[in-house]
Amino acid sequence: MPQPDRLPGTPEFRIRLPQDGAEARGWLLMRFGGNGTNRFLLREGSLVTAEEWPGLGRHARRSRAELRAEGALVDAPPAPGRPEGAPARWVATRDIECNSSSAAAALVYGYDASGPESWRTDEGHPLSDYLSTGWRPPHKAWLVRGSNVSGHNLVRQLWLAEGFVSLSGAHLPPLEKSDPTKSALRRFVEEGYEGAASYHQKQGLVDALHAFLTQMRVGDTVATYDDDRLYLGRITGDAVQTTSPGGLSNLRRSVTWRADGHPYDELPGELRQKLSVQHDVVDLTGVLDALDGLTGEADGTDRAEVADTLERAAPKELTLPGISEALAEELLVHDRAWLEELRELLLDEKQLVFYGPPGTGKTYLAMKLAEHFGGGPEQVKIVQFHPSYAYEDFFEGFRPVEDPETREVAFRLAAGPLRELADLASRDGNRHVPHFLIIDEINRANLAKVFGELYFLLEYRDRSVRLTYSGDDFPLPPNLFVIGTMNTADRSIALVDAAMRRRFAFVELSPRTEPTAGLLARCLAREGRDAEPARLLDALNSRVDDADFAIGPSYLMKPGVYRDGGLERTWRTKILPLLEEHHYGEGIDVAARYGLDALRERPA
């Protein structure tokens with residue numbers, strides 16, 4: 001049944017929030033907002049996040065506050081089966097009319113987002129499929145592949161010499177509009193390529209055609225790649241449908257190409273990352289500044305203006321803060337050079353693992369360093385691996401979600417902690433900010449099963465891979481760092497394969513070497529306590545024959561140890577059981593060898 005003011009021919013759209021499957025729904029309206037795009041109606045009962053991210057605009061913040069004040073957004077009741085620790089949600093008590101789909105997306109997400117891409121149909125098609133081209137940025141950039149079109153190198157044979165760029169659309173009917181909507185193109189491709197292409201091939205063709213015919217415009221930057229060189233040009237004409245041998249180049253746009261190409265090895269890393277996306281047409285707008293930097297000027301703009309624009313818009317350099325004396329003192333590390341080396345390892349490798357016996361402070365050190373380098377806990381996410389942990393838990397996968405209205409359960413694609421953190425790190429304005437994923441007990445999971453194709457990205461940050469479930473071309477952002485911890489006492493470190501070892505730097509934390517060896521003594525001295533626990537721990541570890549089963553100082557750094565009887569209680573219930581497990585079946589009297597009385601009698 002049609003609703004009043006709803007834009008004819010458009011379906012209902014939805015946004016599913018991560019972690020708990022909370023859903024917002026709405027539709028496009030016939031009326032236009034202040035920015036010239038269709039207004040959007042957020043439906044009553046929609047769930048939105050209560051969080052607000054730093055990138056949220058002032059208008060969106062004010063709008064959310066006003067809706068809360070008037071009772072249009074209220075705290076949502078706990079949903080059945082809601083995961084523990086899931087973020088707080090609000091629920092819309094009435095229909096809310098928003099200025100645009102992007103304004104509605106910002107309201108739902110708590111950060112600025114593209115409405116045409118965020119809102120999706122039940123089949124997963126974006127709202128942009130149903131819009132005209134009015135919402136596009138004024139200047140975009142595109143990569144169009146043409147070096148191997150059915151075995152022909154169109155870049156060398158036609159494009160550069162004759163001044164155009166093309167796309168094959170041999171089975172398309174005559175196009176009445178120069179900028180057909182994506183939904184119309186999908187219908188043309190389904191009819192024209194039935195039996196001639198697979199489902200995924202047709203899906204890719206629809207995306208390429210929509211970009212080429214509808215999204216591109218005169219003045220946009222275009223790039224192509226041939227013989228390890230990148231060529232740049234400017235689109236000078238609208239799309240035309242013509243005839244060509246075999247239909248290899250029957251959709252064309254005229255282009256003014258630059259004569260000189262740019263060697264692949266000299267391209268910025270962020271640009272090489274985009275070039276690795278395996279589509280016929282790739283949106284390069286996100287690296288437009290890098291493309292302008294190659295030419296020294298933007299199309300249609302004088303060099304002085306370009307230089308000023310690039311200087312103001314230049315991306316901030318990714319770096320990690322230096323090691324302060326205060327941080328070294330807080331961590332009780334006597335040698336700042338050791339911490340500086342960790343900083344250099346992270347900058348060079350992006351991934352490192354702290355390994356050692358239990359109680360050596362691996363997780364504590366990882367969290368403190370991540371918060372220091374990232375600027376606070378907001379840029380840090382912690383996960384713990386275990387034997388049943390899988391790729392679907394870690395990155396993305398289909399999970400059962402209950403519909404709050406029908407109570408029916410359906411499987412929905414949900415993002416895991418790595419995908420969520422990577423998306424946050426990739427957001428505009430965040431790309432110079434370090435983000436950290438801490439993986440506790442990284443060796444307790446089947447790493448090949450958990451990481452899947454992400455193994456490749458850990459080593460090649462300037463490339464992307466096609467994801468198993470969503471089919472997206474995904475790069476691992478360079479400002480995402482990974483710190484893992486490994487407990488060597490359970491021997492599962494031996495299960496870490498060579499591929500994983502090559503992609504991580506490994507740093508040992510041992511009670512027998514600094515900075516861990518003297519950690520307890522420094523802690524006791526700072527708090528003005530007797531140094532006996534440190535002497536007893538050193539005496540204990542001197543009797544442990546296997547370094548992997550030495551006892552770390554953190555067992556004796558808790559307040560309860562220093563209450564009446566606390567040291568004896570901790571020794572009896574925490575430390576001796578570990579050593580009993582180590583000597584299981586050997587017939588050794590653990591208490592006689594490692595007990596406090598034995599160590600005090602013969603401390604060495």
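A salt bridge here is a side-chain nitrogen of Lys or Arg within 4 Å of a carboxyl oxygen of Asp or Glu. This is a predicted model, where local features need pLDDT of at least 70 and side-chain atom pairs count only at pLDDT 80 or more, while totals for chains, interfaces and linings use all residues. Residues are numbered from 1 along each chain as its sequence is written, and side-chain values use heavy atoms, with hydrogens and water left out.

I will start with the charged pairs. Side chains of opposite charge can pair when their charged atoms come close. By the rule I gave, the count comes to 38 salt bridges.

One of them joins Arg-39 to Glu-97, with the closest N and O atoms 2.7 Å apart. Arg-39 sits in strand β3 (residues 38–42) and Glu-97 in strand β7 (residues 96–98), so this pair ties together parts that are 58 residues apart in sequence. Helices (H or I, at least four residues) and strands (E, at least two) are DSSP runs, numbered from the N terminus. For accessibility, buried means under 20% relative accessible area, exposed over 50%, and partly exposed in between, using a 1.4 Å probe and protein chains only. Glu-97 is partly exposed, at 34%.

Next, Arg-61 and Glu-52 form a salt bridge, and their closest N and O atoms are 2.9 Å apart. Arg-61 is partly exposed at 29%, and Glu-52 is partly exposed at 35%.

Glu-420 belongs to helix α14 (residues 417–426) and Lys-381 to strand β17 (residues 380–384), so the contact ties together parts 39 residues apart in sequence. Which of these counts as buried, with a relative accessible area of 16%? That is Glu-420; Lys-381, at 23%, is partly exposed.

There is also a network: salt bridges that share partners join Glu-12, Arg-14, Arg-16, Glu-23, Arg-25, Arg-43, Asp-95 and Asp-122.

Now to strand β10 (residues 221–226). How many of its 6 residues are buried? The number is 5, so the strand is mostly covered.

As for pairing, two strands pair if DSSP finds at least two bridges between them. Strand β8 (residues 141–144) pairs with β10 in the parallel sense over 3 bridges, and Ala-141 stands opposite Thr-221. Strand β11 (residues 229–235) pairs with β10 in the antiparallel sense over 6 bridges; here Thr-224 stands opposite Tyr-231. β10 and β11 form a hairpin with 2 residues between them, and Asp-227 in the turn has a positive phi of about 50 degrees.
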